[in-house]
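Visitor: I have a model open and want to learn how to read it. Please walk me through it.

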Amino acid sequence: MPVYPSLTRALAEALADVLWFVEGCEDEQMDPDDAVKVLEGVAHLMAQLSSDQRSEFIDLLGSMAAEEADPSRREFLEGIPQGFGLVEDDA
């Protein structure tokens, strides 16, 4: 069992695990409407974060991605900030 340096890191890991599961579910595993509700709920929560909280979460995701051995999960972790509106588009 890993030892996390903080509760924030443990919760970020847990949230990433849930998002990874929901994103990877087939329709037979999870109703698509329920999956959308979960993802929208997380996006709403993230929109409520302060600037400092966003920065902390983005930094945690970066650390998690850097430590991730699975390339597809690493890419997923790196995409969370943009996918959930934590960073501005570079358009």
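Guide: Start with burial. Buried means under 20% relative accessible area, exposed over 50%, and partly exposed in between, with a 1.4 Å probe and protein chains only. Here, 26% of the 91 residues of the protein chain count as buried.

Visitor: What kind of model is this?

Guide: This is a predicted model, where local features need pLDDT of at least 70, side-chain atom pairs count only at pLDDT 80 or more, and totals for chains, interfaces and linings use all residues. Residues are numbered from 1 along each chain as its sequence is written, and side-chain values use heavy atoms, leaving out hydrogens and water.

Visitor: How many helices and strands are there in the protein chain?

Guide: Both are DSSP runs numbered from the N terminus: helices are H or I, at least four residues, and strands are E, at least two. The protein chain has 4 helices and 0 strands. Its pattern along the sequence is α-α-α-α.

Visitor: What does the C-alpha trace of the protein chain span along its principal axes?

Guide: About 35 × 35 × 25 Å.

Visitor: Which residues of α1 are buried?

Guide: An α-helix has 3.6 residues a turn, so residues three or four places apart point the same way. In α1, the buried residues are Arg9, Ala12, Glu13, Ala16, Leu19 and Val22.

Visitor: What do the buried residues of α1 pack against?

Guide: Contact means heavy atoms within 4.5 Å. The buried residues of α1 pack against α2 (32-47), α3 (51-67) and α4 (71-83).

Visitor: And contacts across the sequence?

Guide: Take contacts in the protein chain between residues at least 6 apart in sequence: 60% join residues at least 24 apart.
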